[in-house]
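Me: I am new to this structure and would like to learn how to read its features. Please guide me through them one at a time.

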Amino acid sequence: MSSSQDDHTAELAAKLDYRTYLRLEQLLSAQCPLASPPHHDELLFIVQHQTSELWFKLVLHELRGAIAALQRMDARTCCKILARVSHIQNQLMNQWSVLATLTPSEYVQFRHVLGPASGMQSYQNRMIEFILGNKDPKMLAVFDHDLAVLAALKAVFDAPTLYDEYLRFLARSGMSIPAEVLERDVTRPHKPHPEIVATLKKVYDEPVIYWNAYEMAEKLIDVDEAYALWRYRHVKVVSRVIGNKRGTGGTAGVAYLEKIVANVFFPELWDVRTVIGEP
């Protein structure tokens with residue numbers, strides 16, 4: 001944060017200043033529109049996606065912190081981190097309203113410069129999906145051309161998800177989690193299990209007794225819901241800007257996005273709501 005006008009540092013020669021600390025020369029020189037002749041709105045498109053990648057970087061940092069907190073049984077820190085992740089997700093969702101000011105007539109004038117580049121190729125967003133539980137091995141092939149990125153993605157793909165670590169936290173807390181769930185192949189998507197629903201029902205029926213598990217469950221739902229809303233906003237903005245055209249990366253565009261909108265990461269946390277309060 002900046003100081004007040006009265007006590008600001010006026011002499012900065014040979015000292016660390018705001019521009020240097022934030023590497024602003026590198027950051028602000030990273031926007032390189034390609035349209036020829038130049039198109040006014042291409043900068044908007046670039047900034048929208050670059051800022052999203054910065055937020056993705058922070059989400060990954062926070063999710064790794066949440067997993068580490070769960071592993072050391074630090075529920076308070078995990079909850080604080082997950083609350084921050086939800087706020088970041090809301091910021092990402094709100095950004096779509098800026099891109100929505102790009103009209104179809106404007107976008108079509110520079111869309112061709114993207115070539116096969118597509119948001120589906122965002123390796124950071126793919127890492128987030130893997131950490132949250134959407135383990136789709138077919139998505140690894142998208143990054144075959146970049147071995148360093150592929151290796152980083154594979155490491156995340158092969159690791160337990162955030163939800164795996166939450167269920168392990170419950171098990172270490174003395175709650176009933178099936179062995180086949182705790183020992184499952186973490187490279188495959190999690191499958192809902194009725195015994196987990198029963199355990200979570202106990203948590204929700206007696207939140208005072210199981211406060212840590214209860215609070216974390218609600219924070220996880222916040223993350224899952226915020227991600228779904230971000231996906232939905234994505235669909236609507238893409239539909240608004242390109243209609244039913246195919247995506248630049250070869251996807252089906254809106255049709256592809258619509259298929260993934262309804263996905264949830266933590267299914268039993270949604271399923272348990274149906275049985276809360278029942279005998």
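**Reading the contacts and the surface**

Reply: Let us begin with a polar contact, 3.0 Å in length, that joins the side chains of Glu 129 and Tyr 227. The term denotes a pair of N or O atoms within 3.5 Å; within protein, one must be able to donate a hydrogen and the other to accept it, and residues adjacent in sequence count only if both atoms are side-chain atoms. The model is predicted, so local features need pLDDT of at least 70 and side-chain atom pairs count only at pLDDT 80 or more, while totals for chains, interfaces and linings use all residues. Residues are numbered from 1 along each chain as its sequence is written, and side-chain values use heavy atoms, with hydrogens and water left out.

Me: Is Glu 129 buried or exposed?

Reply: Buried means under 20% relative accessible area, exposed over 50%, and partly exposed in between (1.4 Å probe, protein chains only). Glu 129 counts as buried because its relative accessible area is 4%. This residue lies in helix 6; helices (H or I, at least four residues) and strands (E, at least two) are DSSP runs, numbered from the N terminus.

Me: Which residues is Glu 129 in contact with, leaving aside its neighbours within four places in sequence?

Reply: Contact means heavy atoms within 4.5 Å. With those neighbours set aside, Glu 129 touches Asn 134, Tyr 227, Arg 231 and Phe 265.

Me: How many salt bridges does a search of the whole structure find?

Reply: Side chains of opposite charge can pair when their charged atoms come close. A salt bridge requires a side-chain nitrogen of Lys or Arg within 4 Å of a carboxyl oxygen of Asp or Glu. The search finds 11. One of them links Asp 205 and Lys 201 at 2.5 Å, N to O. Both residues lie in helix 10, four residues apart, about one turn of the helix. Asp 205 is partly exposed at 37% relative accessibility, whereas Lys 201 is buried at 14%. Another salt bridge pairs Glu 25 with Arg 19 at 3.1 Å, N to O; here Glu 25 is exposed at 52% and Arg 19 is partly exposed at 45%.

Me: Which residues form a nonpolar patch on the surface?

Reply: Patches are made of residues with over 30% relative accessible area and no salt bridge; like charges are joined within 9 Å, and nonpolar side chains (Val, Leu, Ile, Met, Phe, Trp, Tyr) within 5 Å. Accessible areas come from the Shrake-Rupley method with a 1.4 Å probe, and for residues only the protein chains shown count as cover. In this model, Leu 16, Tyr 18, Tyr 21 and Leu 22 form such a patch, with about 500 Å² of accessible area together. Leu 22 sits in the loop between helix 1 (18–21) and helix 2 (24–28) and is partly exposed at 36%.

Me: How many disulfides does the structure hold?

Reply: A disulfide is a pair of cysteine sulfur atoms within 2.5 Å. The structure holds zero. Cys 78 is in no disulfide, and the nearest cysteine sulfur, that of Cys 79, is 5.8 Å away, which is too far for a bond. Cys 78 is buried at 0% relative accessibility, and Cys 79 is buried at 5%.

Me: Which residues of helix 13 are buried?

Reply: Within helix 13 (residues 267–275), Pro 267, Glu 268, Leu 269 and Val 272 are buried. Their cover includes helix 8 (162–172), helix 10 (194–205) and helix 11 (211–242).
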